[in-house]
Amino acid sequence: MLKIKNLTAIAQEQIVLHDINLEVKRNEIHVILGPEKAGKTALMYSLVGLPYIEITEGSIHYKNKKINNQPIHQRSQNGIIGVFSELIEVPNQTNWSLIEAVLKYRKDTRDITTLKEYYGELCQSLGLGEIHGYKDANSDSMTYQEAIKNEFLWLLMLEPSLALIDNFDERLEEEDTKIIIEHVAKMAQVDGRATIIFSKDKLVLEAVKPTHVHVMVDGKLILSGGKELLQRIQEDGYSKLSTS
Amino acid sequence: MGIQSFLQAEKGDPDWLFSPDEYFGKQFKLSDANTVELKDGQADSIVLRLNPTEKGMLAKHLKIDVREHADLDVIILNESSPKLQQVFLYDVKIREGASLQLGIFTKGGKFNKHIFQIEIEDGGSLASYGYMSNEDGGDTEIITKVFQQGAQSLCTQLIGAHAGEDSQTVYQGIVRVCPEAEIAETSLESVNIVTGNGGRCYSRPEVISDNVTAKVQYGSQTQCLDSNITFYLASKGLAPQDSQELVLKGFQEAIFDLIKKDEIREEVVQLFNPQE
């Protein structure tokens, strides 16, 4: 589904990704671990297509098509959906009206009444409350917890082929983290879907049961393996891994 | 009067009044004057469609006189091409116990200015609302100057403005609450959105109250459709033009919903979103 080859990228004239190679197939859950400023968010942005990152070398292929220069909205319409940890307020919309409008623009053919019911169920299971849909979209009246849950709500509503999840575990209460992990794990198990989770928290990722684990340090993927890597990171820390 | 007075008005001089004969006579070709006159105790609803096509600079002077205890609903629709320069001056009188719901919806123009001079007598009520938009690289303006003279009179205004790339809107709302206006109420609200580089929404609501029993409030807020919002919505699958359309529609709705008649509301939606 996703093939990243020799990807090098810069942001603000600094190399943030260096010679990244990664392949993600259907039904796989990859987690990319790394300390702060390892380049995880840069990699996620380059996959989503955000212009803060400039690809200088290498390629990203998605569903057998090179997408280096594909606009963000087209990538999204083709199934690459990201969950961001930063809250962007969208004025003059409520949470539901925004989702409803986006589904319309995406020419989503699913029945809107059924989707609204599903939205209500998700609000409830995520602990967002019944009136979440009527609140101002992404407004700063939302707590961090609500904002992150709201992003997951988007992800679940849009049903991605490739789900990209940025550090969501920061500043979350244990109970909220648990709720989100349950949803992520369930979402990632959907047949045909691929998921990449970027994080620096090993404990959260243990619960998601990844099929592949990678370690990223200084813009490079330095190590790839299975769940056993989580244990090594817990014991040795990133600095020891990067020098081994 | 004339251009000097015009400049005084721009500075917010509350005692200044337009003299249409002199002003238009010197600065513009004076077009035909329209008068809307409603008799005592009557109620009516009027839509004024002002879509002039004159190539030169145009000025129009309209009078609206709402008689005692009458109830008038006026909606002004105006669209101007990017090359047109036009000024509309509206002289409005709301007499004792009368009420006027006044909507102004204006779009485009190189220079497109709507100036309202409004007097409100005892128990008179003005509920005004409107929306202006310029994406032509020009300047669209709504200037209101209200003399709230009467006791227990009411004046509310909600004006929305949208400026696109290198375009400008101006809202200047001045209300003078006169010493005789016991227990008067005044509220001015201006909301703006800028969607393009070099776009500018100039906004100046102002209330000068000479009566301590009057309740007044005014405010203004401006938002920008910045790249963060566009990128965020793009990540959900919206093309940049769709993002702008979505945010703008939400912005417009709050004002367009004030239009009571469905067919007029639809006409206004079409005016600002012709592709629908």
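## Helices 5 and 6 of chain A

In this predicted model, helix 5 (residues 144-158) and helix 6 (residues 174-188) of chain A come within 11 Å, axis to axis, and cross at roughly 10°. That makes helix 5 of chain A and helix 6 of chain A roughly parallel to each other (angles under 35 degrees count as such). Axes here are lines fitted to C-alpha atoms over the stretch in contact, with angles from 0 to 180 degrees between N-to-C directions; helices are DSSP runs of H or I, at least four residues, numbered from the N terminus.

On the helix 5 side of chain A, A:Gln145, A:Ile148, A:Lys149, A:Phe152, A:Leu155 and A:Leu156 meet A:Asp176, A:Ile180, A:His183 and A:Met187 of helix 6 (contact: C-beta atoms, placed from the backbone, within 7 Å). By class, this contact has six nonpolar, two polar and two charged residues.

## Where the chains touch

Chain A puts 18 residues into the contact and chain B puts in 17. On chain B's side, helix 3 (227-235) and helix 4 (240-256) are the elements giving two or more residues. Helix 3 of chain B has the largest share, seven residues.

B:Leu126 is in contact with B:Ile94, B:Leu100, B:Leu102, B:Ile118, B:Ile120, B:Val146, B:Leu154 and B:Cys155, leaving aside neighbours within four places in sequence.

## Ground rules

Residues count from 1 along each chain as its sequence is written, and chains are lettered from A in the order in which they are written. Local features need pLDDT of at least 70 and side-chain atom pairs 80 or more, while totals for chains, interfaces and linings use all residues.

Definitions and conventions:
Two residues are in contact if their C-beta atoms, placed from the backbone, lie within 7 Å. Angles under 35 degrees count as roughly parallel, over 145 as roughly antiparallel, 65 to 115 as roughly perpendicular and the rest as oblique. Ala, Val, Leu, Ile, Met, Phe, Trp, Tyr, Cys and Pro count as nonpolar, Asp, Glu, Lys and Arg as charged, and the others, Gly among them, as polar.
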